Amino acid sequence: MQSNRFDAIVMGAGLSGLTAAAVAAAQSRRVALVAIGAGAFVLDAGCVSANEARQLSAQPDFEDAIAFICKATAAAGCALDADLRSPRRIPSLLGGFEGVSLAPRGVWKAAYSAGARTAIAGFGGMSGFDAEFLAERLNNHARAHGLAPVYTAKIVALPSDLGTPLTTLRIANRFDRDAGFRAALASALREAATGFDRVLLPSVLGLHSTDGQLAGFEREVGCGLGELATLPPCIPGLRVYNRLLAALRGRGVEVFEGYPADLLEIADGVCTGLRIASPGRGLLLHADAVVLATESGSRALLSEFTGSCDERQHPLSPSGAPIARNLFAALLPQAAESKPDGHAGQILAGYRAAVCACAERGEYAAR
Amino acid sequence: MESTQVVIIGGGATGAGILWDLARRGIPALLLEQADIANGATGRCHGLLHSGGRYVVKDQETARDCLAENRIVKAIAPNCVEDTGGLFVQLPGDDPAFFERWWSAAQAAGIPSRRLSADEARALEPNLAENILGAFTCPDAHVDVFRLVLANIEAAVSRGAQFRSYCQVTAIDAAGGRVRSVSYRNTRTGEEHTVACEMVVNAAGGWAQRVAALAQVSVPVCCDKGTLLVLNHRLASRVVNRCRVPGDADILVPAGPVCLLGTSSMVVPGPDGLTASGEEIQSLLQLGGLMVPSLAEARILRTFSGVRALYAPPSSAAGGRGASRSFALLDHEELDGVAGLLSIVGGKLTTYRRMAEATVDCIAAKLGVQVPCATQTTPLRPVLSRAVRRRAERLLARPVVDKLECRRGVEAASVVAAIEAQPELAELVCECEMVTRAEIEFVLGSAARLPAETIADVGRRTRLGFGPCQGTYCGYKTMLAGYQTHRWSSEQAAREFTDYLGERWKGQSFLHEGKQLEQLDLSRELYGEAPCAGAEREAADAK
């Protein structure tokens, strides 16, 4: 049973769960991460809008949390880049600009740049992406904001027949496993880049590529590359998920993937275990602290959970008392009234919950 | 000046049926619709092709009409009907005498029915409540209202009739006691036109009073609002009716991959600006749950409200469910001294063809046309050839071909040819309804008999966007298809999409929790908090 004992269990592998697990792992805790799939952030481009960042800027720990996740993702080889002081104009799905304070590196690099002659590469026949539509719209938006229109659409023939429908996932998978495809794509993009300072392309550059590998690919193309948001799933978000999970595993985090938790054992105000509904029989995990980083999952497990927590991140019962003293929820105080939080809120909530959880003993710490 | 013989106002089932009946008898006609097909009550109902069971206890005549038309519509428009059959279910607490009266009345009206024990009924429909007492079968069915309207108009257009969407009537010239012309404005382009005619048919449903006022006559219509819920599964494979005096939330209709629960009933001032309140939705769910308890766990995709435009002559005091479900054909020559103007009001979706027949009989008599009605026996459209079907099956999975054939009929040949020429057009843009990119491009193109103007129009012609994503993915791809085929400029395409999305979000605005809220949040995350407001802001910034 010893192997099922942890300092902290994190339930949920969305942005808040990954952040929480990374915080605990960074403090050398022995961590179990229960994941039934990637969070919703892999569906959009994984950005934090300037609006949201501004709304959260007064929250304690906000800058620390953002700085932490940027560092942790960079160390994992899939940096989230951020600038809370001056947001960037990132092209949106509809060909507008969105003020963005944090984004996966590839998306961050697609920000509007006044001096840069920018080609938007499109792939013939690709589903749900049109380079000409985006270039036209972005130029119109730039003009409307008094900015120079810098965009030109370039249609690139993909170097091999990938079949139909031609989706971002299909191309990204090929990019991951086929060095010949990468070389041919780099050469096609190099040709499209002639006369331009940089190239933006739909997000297709691999589900597992590291920042280092992408920098190498960029050198082969010979100019700056930026990734554009596409319809879900959005590859940069998936890449962050994959790399971060791999990095956490590398730091000794045990990941229990694929099966949901179906029971929280709570006795005398202490959470003594969490059961995973693995096939055949449930798997019981024990820990000094449990972090709940999935709202719907938490509600299913805790009938008395009100959806709010105290300042130590303890989830509260209807009487206003903590449900268990070693149980922590990745929630922000106002979340009960306002709409579900965006990505920054999730990062902050996961960060706080893990910091509180790590204040518990930690006797199983892997030294 | 352009001229025709008959102008019909209103592109619901009634107007479409009239256009087809006129075309079938060789009378030239033009149908003007202020929005798109089935914009009023037709597009906002259950899509229940009544067997008559709903009315049989109270109104034998309406029940018999429904039964006769039910059989006709199944025969002339098989591609529009899913012949699900239906049940009338007895719940504990409901009047047992009504249940027995229903049985004898159904026998008297000739509605084919079988008496089922509770166990037999639950064996057919396992989601029915455990405490039901019994049920009767009936030949209720689901009719795809958009497809039915489309089939009527397409058949008419093939015989030379004309249809114009987004054309709002602005004036009816009836100087000297006789209609001479109708003026209208295209609400998308702002263009104004006048068409000379001999007769005008007001088939504007909830808007009938407003249209009548243009000719200085009055049509007493009572607008009775009904709200419906769309749930994300087929919780029943047959129409489920509660066997009692008709009331709220007592009909559940399976419709393709989803099902519809409704309705409420409340008298409202007019057909515009309808909203569904939270209490209304809760009440529907609670009542519906008595028949099918698993409703409580189902995901509500959206809600919508429409009005039944009931004929309410001053002499009758009853409104709402008390008002008659039969229709009235008003000849304004006799009533008001305006020759050439008819209004057709009230009635039911199921009896739309009968209403059209009565209207066109009257028109034919006035115009001296001797041809009798033949719509009761004429299939609305020809059958797709085996050869095209075989070609389609080489390109697409069989269920995709089935749906394509149902929706497009002989037009499927153009879709198949497009995919043969360009295989990537086989991409399924709408995965819920299995709509290919080729079909979307066809519907947006000029080769279609009723080309779509907007993304919502594409939805009405293909059911695209009716499933859980509510257009978040397929609507975006349709926008790109419109841009790529040069239907829209990039700016217009984006505007079309944000308008469409705004409308889809509106139908989900009641959501407080659950999976569909997550879907809605994703949509907002992808496209911004309020795309419409954003577009307006941009326009203001640009100035």
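User: Hi! What kind of model is this, and how are the residues numbered?
Analyst: It is a predicted model, in which local features need pLDDT of at least 70, side-chain atom pairs count only at pLDDT 80 or more, and totals for chains, interfaces and linings use all residues. Residues are numbered from 1 along each chain as its sequence is written, chains are lettered from A and ligands numbered from 1 in the order in which they are written, and side-chain values use heavy atoms, with hydrogens and water left out.

User: Thanks. How many salt bridges are there over all chains?
Analyst: The search of the whole structure gives 55. A salt bridge here is a side-chain nitrogen of Lys or Arg within 4 Å of a carboxyl oxygen of Asp or Glu.

User: Which residue does Lys109(A) pair with?
Analyst: Its partner is Glu218(A), with the closest N and O atoms 2.7 Å apart. Lys109(A) lies in the loop between helix H4 (105-108) and strand E7 (118-123) of chain A, and Glu218(A) in helix H8 (residues 211-221), so the pair ties together parts that are 109 residues apart in sequence. Helices (H or I, at least four residues) and strands (E, at least two) are DSSP runs, numbered from the N terminus.

User: Is Glu218(A) buried or exposed?
Analyst: Glu218(A) is buried, at 17% relative accessible area, while Lys109(A) is partly exposed at 33%. Buried means under 20% relative accessible area, exposed over 50%, and partly exposed in between (1.4 Å probe, protein chains only).

User: Now chain B. Where do Asp361(B) and Arg25(B) sit?
Analyst: These two form a salt bridge, with N and O atoms 2.8 Å apart at the closest. Asp361(B) is in helix H9 (residues 352-367) and Arg25(B) in the loop between helix H1 (13-24) and strand E3 (29-32), 336 residues apart. Arg25(B) counts as buried at 6% relative accessibility.

User: Switching to rings: how many aromatic pairs are there over all chains?
Analyst: The count is 15. Rings of Phe, Tyr and Trp (its six-membered ring) pair if their centres lie within 6.5 Å; planes under 30 degrees apart are stacked, over 60 edge-to-face, and the rest tilted.

User: Why is the pair of Phe497(B) and Tyr527(B) classed as it is?
Analyst: The ring centres are 4.9 Å apart and the planes of Phe497(B) and Tyr527(B) lie at 75°, so the pair is edge-to-face. Both Phe497(B) and Tyr527(B) are buried.

User: And which residues make up the ring cluster?
Analyst: Phe88(B), Phe99(B), Trp102(B), Trp103(B) and Phe136(B) are linked by ring pairs.
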